[in-house]
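Subject: Structure handover

Hello,

Here is the structure for your files. My notes follow below it.

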Amino acid sequence: MSSKAVSPEPASAPLAEQAFVGVFDLFKIGIGPSSSHSVGPMRAAEMFLATLRAAGCLDSVQRVEVDLYGSLALTGIGHATDIAILMGLQGEVPDQIDPETVAAKLEVIRGQNQLQLAGERNIPYIEKEDLLFRRKTFLEGHPNALRFRAFASRESNEPLASETYFSIGGGFVIREGAEGEGIKHPMSAVPYPFNSAAELLKLAETHACGISHIALENEKAFRSEDEIRDGLMKIWETMQSCVERGCRNEGILPGGLNVRRRAPSLYQTLTGRPEANMRDPLNILDWVDLYAIAVNEENAAGGRVVTAPTNGAAGIIPAVLCYFDRFCPESSPEKIQQFLLTASAIGALYKKNASISGAEVGCQGEVGVACSMAAGALTEVRGGSPRQVEEAAEIGMEHNLGLTCDPIKGLVQVPCIERNAMGAVKAINACRLALRGDGSHFVSLDRVIRVMKRTGADMSSRYKETSRGGLAVNISEC
């Protein structure tokens, strides 16, 4: 196993040109606080259990050792990576686990030093021996790496099975040496294949259609239209529920920073004096801030969220969608679906040609990508042409280039929560700028994606989800 003490340069997108990245790949229902540090590791545990089952040795396992590397080790505690792995080894999966039950299950595991492997039988578990944080080591391939090893006894040095996984952002997980396994659907199977914004625009021009239509037709290669629309509405309903919970749930966020939830009081302020608020022409932006903050406070508390395309940036797209649904006359269920489809087509370009991992390219790969997706999607549903959509998406990223990921104490709270509010407002402004023009602009979306990737490669590892630079080391903890 090769390693080095500094974060490697981002590799070419492992899902590459042969992979189709669709709407249900980028929008996944899970729990907070992080898609790469909690959803991904939980998925990796699920994959390892499947490996043990396939090898016929699951019943022989008496110990599972997990090694965390790079960013997972450096910010894993703050990002609840340890908890996610324990839940995953017990057979839980991100889209089905009940967030309300996690604390009780964790108390049993740590109180009894026992782990219910795959939800079937108890095995001994000693956390300081079985979950190891290799903070000085980054594996080749990706900064978010973890290794699982299963043993027949606690005394054994020879594993029954050993696998290394990379959590590459947005809940995507690949196994070392088997990157092709990350391809659910080949690009060759869709009617409108594209690997760049230029190709996407050409398709829209040739077929005289919107980007959402191209995305929908591609999705129909794998599931019925009814299944697609039902799935999209489930995503939207989950986003709305998250906003509602965030507006209602009060208290202090976990982790030790003593950050108080702001969404409930902001909601009371906005609803308590509606007439006075109408005097302020920018009052709508306060609502956008509220939606984003509500989602990201829920995420920070480990609640149910949708990766959009990551958990750290989970509030931007719901906030812009809520803005569209509640303040724009064009809104309808069909338009909501078009928004998500358009956003997914834009997000796929970043996933395939750059990265959506904060540990790989900084927060420009999370908040920046979400802002770009939201800006382009809002432009389409507000009547913009495909070229205006592309311009809005480019603006959304261009003004997030170089954005660092430097969470204080490794928690997805400061600056992450406010950053989502800023990203949502920026997306709306990018849409408005694009709609005021004709789609002609100087920097293409493809070029800004290439620049984003290069910027991420040039960025010091201190600013890529390691909590070793920026705000993370220059703000005194309260």
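Contact here means heavy atoms within 4.5 Å. Leaving aside its neighbours within four places in sequence, glutamine 364 is in contact with Val369, Met397, Asn400, Leu401, Gly402, Leu403, Met452, Thr455, Gly456 and Met459.

Some ground rules. This is a predicted model, where local features need pLDDT of at least 70, side-chain atom pairs count only at pLDDT 80 or more, and totals for chains, interfaces and linings use all residues. Residues are numbered from 1 along each chain as its sequence is written, and side-chain values use heavy atoms, with hydrogens and water left out.

Overall build

The protein has 20 helices and eleven strands. These are DSSP runs numbered from the N terminus: helices are H or I with at least four residues, strands are E with at least two. The C-alpha atoms fill a box of roughly 70 × 55 × 45 Å along the principal axes.

Of the 478 residues, 58% count as buried. Buried means under 20% relative accessible area, exposed over 50%, and partly exposed in between (1.4 Å probe, protein chains only). The accessible surface comes to about 18700 Å². Carbon and sulfur atoms hold 49% of that surface. Areas come from the Shrake-Rupley method with a 1.4 Å probe; for residues, only the protein chains shown count as cover. Among contacts with a separation of 6 or more, 78% join residues 24 or more positions apart.

Pocket and cavities

Rolling a probe the size of a water molecule over the atoms shows where empty space is left. The search uses a 1 Å grid over the protein atoms alone. A cavity is a set of points where a 1.4 Å probe fits but cannot get out. A pocket is an open set with protein on both sides within 12 Å along at least five of seven lines. Lining residues have an atom within 4 Å of a point. Points are joined across faces, edges and corners, and a volume is the space filled by probe spheres set on them.

The largest pocket has a volume of about 660 Å³. Its lining has 32 residues, and Pro254, Ala300, Ala301, Gly302 and Gly303 are the closest to its centre. Helix 2, helix 4 (81-89), helix 5 (102-112) and helix 12 (283-300) each supply at least two lining residues. Helix 4 gives the largest share, four residues. By class, the pocket lining has 16 nonpolar, nine polar and seven charged residues. Ala, Val, Leu, Ile, Met, Phe, Trp, Tyr, Cys and Pro count as nonpolar; Asp, Glu, Lys and Arg as charged; the others, Gly among them, as polar.

There are three cavities of 30 Å³ or more. The largest cavity holds about 140 Å³. It is lined by 18 residues, with Gly312, Glu366, Cys405, Val412 and Cys416 nearest its centre. Helix 2 (35-55) and helix 18 (416-435) are the elements that give two or more residues to this lining. The cavity lining splits into eight nonpolar, six polar and four charged residues.

Local points

Where does glutamine 364 sit? It is in the loop between helix 15 (358-361) and helix 16 (367-381). Glutamine 364 counts as buried because its relative accessible area is 0%.

Two cis peptide bonds to check in your viewer:
- Alanine 308 to proline 309, with omega near -5°. Proline 309 is in the loop between strand 11 (304-306) and helix 13 (316-327). At 0% relative accessibility, proline 309 is buried. Beyond four places in sequence, its contacts include Leu26, Gly170, Ile356 and Glu366.
- Valine 414 to proline 415, with omega near 10°. Proline 415 is in the loop between helix 17 (386-398) and helix 18.

- Asparagine 113 has phi near 50°. Its loop runs between helix 5 and strand 4 (114-117). At 42% relative accessibility, asparagine 113 is partly exposed.
- Lysine 409 has phi of about 60°. Its loop runs between helix 17 and helix 18. Lysine 409 is partly exposed, at 38%.

Best wishes
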